[in-house]
Protein chains: 2
Amino acid sequence: MKRDGFDAWVLDAQAAVEAALEAWVPADTPAGLGQAMRYGVLDGGKRLRPLLVLAACEAVHGERAAALRAGVAVELIHAYSLVHDDMPCMDNDVLRRGKPTVHVQFGEAQAMLAGDAMQALAFEVLTPDPGPDGVAPALQARLCALLARSAGHAGMAGGQAIDLASIGVALDETALRDMHRRKTGALLQASVLMGAACGPTDARAWDALARYGAAIGLAFQVVDDILDVTQASETLGKTAGKDAHHDKPTYVSLMGLDAARRHALELRDEARAALDRSGLPDTSRLALLADRVVERES
Amino acid sequence: MKRDGFDAWVLDAQAAVEAALEAWVPADTPAGLGQAMRYGVLDGGKRLRPLLVLAACEAVHGERAAALRAGVAVELIHAYSLVHDDMPCMDNDVLRRGKPTVHVQFGEAQAMLAGDAMQALAFEVLTPDPGPDGVAPALQARLCALLARSAGHAGMAGGQAIDLASIGVALDETALRDMHRRKTGALLQASVLMGAACGPTDARAWDALARYGAAIGLAFQVVDDILDVTQASETLGKTAGKDAHHDKPTYVSLMGLDAARRHALELRDEARAALDRSGLPDTSRLALLADRVVERES
């Protein structure tokens, strides 16, 4: 696939995700909860996770309507985790996607509730009533299972707990990798697998996509660590340099900048090799998304 | 049904729920997250919501294994909401079920993560892999749908947002009822409906159980408001008198103690009348649970 066609596909997919978020995240809840939820998830972000869902769905010729719901659900989980992570009792950050964070804008209590409600909404979006754009109940259940496992104690929340406990602690590469596999990797991998669940797959394709998802999940974090030291806050849209400031272990502090850059490229190659082993005829969008993960500048 | 038989049923059901929570809430997560989750949900509480799930399931001759999962899931949602609600940015409470609250014991960041992970775990429990105690995928999806809607912006989280916005505000009975219908009522009603979803129901039975659930949901809150002013903290296992202290509107502040007591009994009668209209042959346990809701002393 040409890069031009891919860029157009990305823009189109991002627009579809944005429209779905706009439609499904409520504006009209009492007491401003909906406003805080919308502030936390609309009009920002590169929507990498939904792009992975949609690209994986296309690779298996799956149901687009189901994948769009899965993409929105996974983005809601990602966005809620940022809202909670930015709060004073966690990272205490005031800037996100170039705007004041949700708790700065709406207060801590509303930010906590908005995050809680965004997690519930993710599962609501995955379980629509029967209707014209209905998702088969068995697929609804499968998507809920994949999302819940990646978001919870064995995945994202567990990784955040390790992260909390690691401030000022010297982790070796194995421990750092385990933390990131959960904290960031689990949800990125689940994005790929939720997309794959929207169509038929054999064990070979499923395993290959799981490997691809694991590799780009780690690559994403390695690049995050690199950007944290090489980019300005204005470029990132969030506070730069905060890992070092908080004395958190990173790939850069562990292996140095050059080795971290090489490692990101190795992981990208690992992801692409997994796609080649999948037996799926067209994984070019997933391959280009892997490139985008390691080449991003914010 | 005799009260003796009912008491034995309650003890048996509570033991089953406790054993399931013990088995399904993980102890072995890294960085102590599982310990905080277990502290927040194990060994405390009357398990009213799981009892409602199990009694409703029995009324429709539903699948017990599915109802047990639903009961654990709804209790996890309830427990996570208490963990977050007790935090300094919300109610700032230090005592719950007679013990220090989760954030007092484990710190605010771990309490927030534990609550987040408990919500994810609820949906994980509802979507087990296929196996001997497997729940049919369509039922898994239905239970996730009911739980997500009752926990989110239109239900519990939305009610909490109204509650936050109501401190020091004079609500009339309609507004107070709307807040509690969401904040407490939605999850209690969902408990009944999740139990009912575990077996066959016609529209008449479903509607009657929905009415029953709505009535006991409100009754529960009216009694909560009464106990908040009539009981000591030692009896409640949580800080008494805090609604008045926080200048929150309550049924007692709105209608006075005697009228609030009469209102609780009316709602109990409304719940029982709904059961009589359900066409279901044996709703005696649900009827006795309605009694228990209004007669409880803590």
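Tutor: Let us start with B:Gly217, which touches B:Arg181, B:Thr184, B:Gly185, B:Leu188 and B:Gln189 when residues up to four places away in sequence are not counted; two residues are in contact if their C-beta atoms, placed from the backbone, lie within 7 Å. This is a predicted model, in which local features need pLDDT of at least 70 and side-chain atom pairs count only at pLDDT 80 or more, while totals for chains, interfaces and linings use all residues. Residues are numbered from 1 along each chain as its sequence is written, and chains are lettered from A and ligands numbered from 1 in the order in which they are written.

Student: Which helix is B:Gly217 found in, and is it buried or exposed?

Tutor: B:Gly217 is found in helix H10 of chain B, residues 203–230, where helices (H or I, at least four residues) and strands (E, at least two) are DSSP runs numbered from the N terminus. B:Gly217 counts as buried, with 26 C-beta neighbours inside 10 Å; the cut-offs are 20 or more other C-beta atoms within 10 Å for buried, 12 or fewer for exposed, and partly exposed in between, with C-beta atoms placed from the backbone.

Student: How far is B:Gly217 from B:Asp202?

Tutor: Their C-alpha atoms are separated by 22 Å, and the two residues are 15 apart along the chain.

Student: And the other glycine, B:Gly45, where is that found?

Tutor: B:Gly45 is in the loop between H2 and helix H3 (48–59) of chain B, and it is buried, with 20 other C-beta atoms within 10 Å. B:Gly45 and B:Glu75 are 30 residues apart in sequence, yet 9.5 Å apart in space, C-alpha to C-alpha.

Student: Switching to chain A, how many helices and strands does it have?

Tutor: Chain A has 15 helices and two strands. Its radius of gyration is 18 Å, close to the 19 Å that the globule rule gives for 298 residues, so chain A is as compact as a globular protein of that length; the radius is taken over C-alpha atoms, and the rule is 2.2 Å times the number of residues to the power 0.38. Buried residues make up 56% of the 298 residues in chain A, and residues 24 or more positions apart account for 73% of its contacts with a separation of 6 or more.

Student: What about H3 in chain A, how many of its residues are buried?

Tutor: In H3(A), 12 of the 12 residues are buried, including A:Arg49 and A:Glu58. The helix, residues 48–59, reaches 16 Å from its first C-alpha to its last, close to the 16 Å expected at 1.5 Å a residue, where the expected span is 1.5 Å times one less than the number of residues. H3(A) is followed by A:His61, whose phi is positive, near 50°.

Student: Which other residue has a positive phi near 50°?

Tutor: A:Arg97 has a phi near 50°, a positive value in a residue other than glycine, and its place is in the loop between strand S1 (95–96) and strand S2 (99–100) of chain A. Most residues other than glycine have a negative phi. A:Arg97 is partly exposed, with 15 other C-beta atoms within 10 Å.

Student: How are the two copies related?

Tutor: A rotation of 180° with 0.0 Å of shift along its axis superposes chain A on chain B, at an RMSD of 0.0 Å, and the two copies are thus related as by a two-fold rotation axis; the superposition is by least squares on the C-alpha atoms of residues with pLDDT of at least 70 in both. Of the residues of chain A, A:Ala141 comes closest to that axis, at 2.4 Å (C-alpha).
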